[in-house]
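Please walk me through this model in the viewer. Tell me what to select at each stop and what is there.

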Amino acid sequence: MKERELKRKDQIEKPKGKLGVFIPGIGGAVSTTFIAGVEAVRRGIAEPIGSLTQLGTIRLGKRFEHRVPKIKEFVPLADLQDMVFAGWDLYDANLYEAALYARVINREHLDPIKDFLSGIKPMPAVFDRRFVRNLDGTYVKPGADLRDHVEALKEDISRFKAENAVDRCVMIWCGSTEIFQRPEEPHRSLEALQKAVDANDSRIAPSMLYALAALESGIPFVNGAPNLTVDIGAMVELAGQNQVAVAGKDFKTGQTLMKTILAPGLKARMLGLEGWYSTNILGNRDGLVLDDKDSFKTKEESKLSVLEYILQPQLYPTLYKNYYHKVTINYYPPRGDNKEGWDCIDIFGWLGYPMQIKVDFQCRDSILAAPLVLDLVLFMDLAQRVGMTGIQEWLSFYFKSPMHKEGLYPEHDLFIQLMKLKNTLRYLMGEEQITHFGLDYYMNDREA
């Protein structure tokens with residue numbers, strides 16, 4: 001991506017026609033909550049609470065100018081009415097049936113849009129139980145040839161686009177967490193990846209096949225799980241080659257959201273940290289998947305990295321060098337999607353005196369994730385129209401483990417992430433960056 005190739009302000013292509021949203025895991029709790037919510041908002045029976053693109057504002061210029069438009073009025077985002085949905089799942093239930101099974105949204109909110117949800121049926125998924133051991137999918141594409149699976153996914157995409165007159169697309173992974181993988185030789189270059197796919201290499205996960213199908217089809221790809229998927233050299237190379245935007249990974253919703261709010265506050269006030277213990281109980285299908293130690297390892301790596309980057313113990317050894325950080329997730333079926341996260345935070349202040357913070361966050365996992373899916377779809381579509389190809393670091397705001405350029409460290413501080421996102425929008429629309437300098441308001445004051 002080169003600056004001279006970016007379209008800015010009036011050059012940015014306006015969103016025309018339908019925006020296709022392809023979702024691996026379309027029958028899951030997050031996906032059904034997202035799609036049902038979009039339809040409820042479109043019919044005027046609900047509000048898009050939690051969505052920055054729909055409710056958020058952006059300050060422009062100096063404070064005394066009082067220019068604070070809504071983001072959706074400031075940048076040319078796709079209209080919710082133009083979104084159409086398709087995806088793949090291990091189970092053949094239509095989205096109304098799947099939403100009932102997920103038990104996130106009540107019948108009183110689902111029944112008014114039953115006609116819409118019942119009309120969306122998943123396509124058979126690409127699935128390999130070696131990567132998600134606690135699920136046993138029955139609605140899957142036949143065979144085990146990886147190249148055939150990629151081509152089948154591309155055919156699904158082409159067919160849906162043609163049948164629904166889709167103009168542009170985004171693919172967003174809302175499927176399960178796969179087992180932990182570290183980048184290996186097949187992941188390092190596009191040539192190596194393609195050879196590995198042709199050879200049915202066991203190190204190529206299903207999520208990588210979806211990403212490959214999307215990028216080869218010129219479709220932006222977002223990874224909403226902590227899987228090793230698009231954050232590998234091969235995929236970044238392909239995204240650059242095909243001029244496609246990529247982003248990820250792992251939606252930042254419950255406990256990690258709290259960490260990226262609280263930890264910057266501790267650091268800002270130079271308060272020390274002795275230990276941070278985090279545990280969760282969760283009873284939905286995601287909790288079941290994470291009950292497998294290798295899938296949990298993938299999630300654990302994503303959740304543990306946050307504090308290290310925010311607190312920078314190498315710069316503040318007196319405060320953060322030897323803090324203890326523990327994360328656990330426990331599958332507890334009675335809780336369903338209503339996740340509960342407990343945090344015990346041992347801090348110390350002036351002269352080393354100890355203090356504690358206790359957090360009990362009783363949240364609804366998919367209710368927090370759904371607006372993130374909406375924002376990411378709309379912002380990725382914008383990025384593609386602008387010409388912002390490759391890694392979209394400006395969208396770090398939405399992820400536990402933000403993708404970033406090799407040689408840089410990821411930004412985890414929620415408030416810096418939000419400033420990065422909004423300053424990107426200001427740049428694209430030809431507005432001055434907001435630095436919060438402030439002294440310029442006073443430097444030219446004359447004494448009375």
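Select Leu 135, in the loop between β3 and α7. This is a predicted model. Is Leu 135 buried or exposed? Leu 135 has a relative accessible area of 5%, under the 20% cut-off, so Leu 135 is buried. Now show what surrounds the residue, leaving aside neighbours within four places in sequence. Leu 135 is then in contact with Leu 90, Tyr 91, Phe 127, Arg 129, Ser 176, Arg 285, Leu 288 and Val 289. Pick Leu 288 from that set and draw a C-alpha to C-alpha distance to Leu 135. The gap is 8.1 Å in space, against 153 residues in sequence.

**The whole chain**

The C-alpha trace spans about 75 × 50 × 50 Å along its principal axes. For 448 residues, a compact globule would have a radius of gyration near 22 Å; the chain has 22 Å, so the two agree. Buried residues account for 56% of the 448. Colour by accessibility to see the rest of the surface: the chain exposes about 20500 Å², and carbon and sulfur atoms supply 52% of that area. Take contacts between residues at least 6 apart in sequence: 76% of them join residues at least 24 apart.

**The seven-stranded sheet**

Select β1 to β6 together with β11. These seven strands form an open sheet, with parallel pairing. Trace the order across: β3-β2-β1-β4-β5-β6-β11. Which strands stand at the edges? They are β3 (123-124) and β11 (390-391). Each has a single partner strand, so one side of each is left without a neighbour in the sheet.

Show Trp 173: it stands opposite Asn 223 in β5.

α1 lies across β1 (18-24) and β2 (83-89), and runs at about 165° to β2.

**Helix α10**

Next select α10, residues 206-216. Then step past the helix to Gly 218, which follows α10 and has a positive phi, near 75°.

**A helix crossing**

Select α7 (residues 146-164) and α9 (residues 190-198). Their axes come within 6 Å and cross at roughly 105°. The two helices are therefore roughly perpendicular to each other. Show the side chains where they meet. From α7 come Leu 146, Arg 147 and Val 150; from α9 come Gln 194, Ala 196, Val 197 and Asp 198.

**The four-stranded sheet**

Switch to β7 to β10. These strands make an open sheet in the order β8-β7-β9-β10, with mixed pairing. The edge strands are β8 (324-331) and β10 (354-362), each pairing on one side only. Direction ignored, neighbouring strands here are turned by 10° against each other on average.

Zoom in on β9 (residues 340-348) and β10. They pair in the antiparallel sense over nine bridges. Phe 348 stands opposite Pro 354 in β10.

Now bring in the helices. α12 (residues 255-268) lies across β7 (272-282), β8, β9 and β10, running at about 165° to β7. α14 (residues 293-311) lies across β7 and β8, at about 150° to β8.

**Last stop**

Select Asn 423 in helix α17 (residues 414-428). Is Asn 423 buried or exposed? Its relative accessibility is 12%, so Asn 423 counts as buried. Neighbours within four places in sequence aside, Asn 423 is in contact with Gln 433 and Ile 434.

Definitions and conventions
Residues numbered from 1 in each chain as written. Predicted model: local features only at pLDDT ≥ 70, side-chain atom pairs only at ≥ 80, totals over all residues. Heavy atoms only, no water. Pairing = 2+ DSSP bridges. Axes fitted to C-alpha atoms, helices over the stretch in contact; angles between N-to-C directions. Contact = heavy atoms within 4.5 Å. Rg over C-alpha atoms; globule rule 2.2 N^0.38 Å. Buried < 20%, exposed > 50% of the residue type's maximum accessible area, 1.4 Å probe, protein only. Areas by Shrake-Rupley, 256 points an atom, 1.4 Å probe, with all protein chains shown as cover. Parallel < 35°, antiparallel > 145°, perpendicular 65-115°, else oblique.
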